[in-house]
Amino acid sequence: MKICIKAPAKINLVLDVLHKRPDGYHEVEMIMTTVDLADRLELSNIKGNKIILESSSGFVPDDSRNLAYQAALLIKERYGIEKGVHIKIDKHIPVAAGLAGGSSDAAAALKGLNQLWNLGLSHDKLAQLGSEIGSDVSFCVYGGTALATGRGEVIKRIDSPPPCWVILAKPSIGVSTADVYRKLNLDKVEHPNVNNMIKALKDKDYQGICREMGNVLEGVTLSMHPEVNRIKEKMHSLGADGVLMSGSGPTVFGLTVHESRMQRIYNGLRGFCDQVYAVRLIGERTLE
Ligand code: ATP
């Protein structure tokens, strides 16, 4: 038996950091939504008790450092499963980009193994397991549009944005999330207004959504990598309505509802920037 499952990327419409907690994690408030750019996982049973992972990208580890491997190991250990599995990851999401590619692969592995091994675990249980692997994994189990609080693992579903195009542009640099958090000075940031964004989403107020977008990590990454700011300026000049860096970067996304403008922004960024994608917001919950 073989299970094929998609692992979509996310963008942050809002990313706020409230304070650093005594346990070392940051208390966050994030509004995340899934986009139609996805890795694909194929999971199949193999003889023995091993986890074998194969990835189409040379940029991701194929051993226990891979988050999908960690997901399989966690399920095997927690539920005493003595079976082998082959995990094949077809990578499409850029790596270390602020799009939660690794977390989404882990979430897809949890969901896929739940099916492959007939475990009957609920999505809430899978999300709880996911939080042991990484803070963004819980959101990726549910997908859709959600408010994530705590260290990112407390998920509340909220209204999704109206349909629109998302142009993603990633310069050829990787950004370490840990590094960005280390350099963040919370006395010097302008905090986005999460409640205003939740209301704009509820009202399907596209202009309001673009206006309320904000990410406190943006200033840190921009100060280290000025090319990220150049991409933001270019997106604005090409006519994107809302432009923001996702996660800790370096990917910048821009929104538009017009297909012709999407084409113009996409074409204008090709050649200017390493990787460019034009995709749809998935928005609605994507439970499989
Ligand atoms: P986030 O938005 O959650 O901060 P990200 O998009 O910035 O994540 P990832 O693409 O998840 O970053 O990769 C971060 C690091 O995780 C990479 O350096 C990579 O070596 C490691 N990694 C482990 N497993 C995977 C995976 N399945 N796919 C991609 N990267 C992985």
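The text below treats the domains, their contact and the ligand shell in turn.

This is a predicted model, in which local features need pLDDT of at least 70, side-chain atom pairs count only at pLDDT 80 or more, and totals for chains, interfaces and linings use all residues. Residues are numbered from 1 along each chain as its sequence is written.

The domain assignment, which is automatic or taken from a database, gives domain 1 (2–157) and domain 2 (165–280). Their centres, taken over C-alpha atoms, are separated by 23 Å. In all, 23 residues of domain 1 are in contact (C-beta atoms, placed from the backbone, within 7 Å) with 32 residues of domain 2. On the side of domain 1 that touches domain 2, β1 (2–20), β2 (26–46) and β5 (145–149) each supply at least two residues; β1 has the largest share, with eight residues. Helices (H or I, at least four residues) and strands (E, at least two) are DSSP runs, numbered from the N terminus.

The ligand is surrounded by 21 residues (C-beta atom, placed from the backbone, within 6 Å), the closest being Ala100, Gly101, Gly102, Asp105 and Gly247. Both domains give residues to this shell, so the ligand lies between them. Helices α1 (67–78) and α2 (101–116) each supply at least two shell residues, and α2 gives the most, with four residues.

Note on methods: Two residues are in contact if their C-beta atoms, placed from the backbone, lie within 7 Å.
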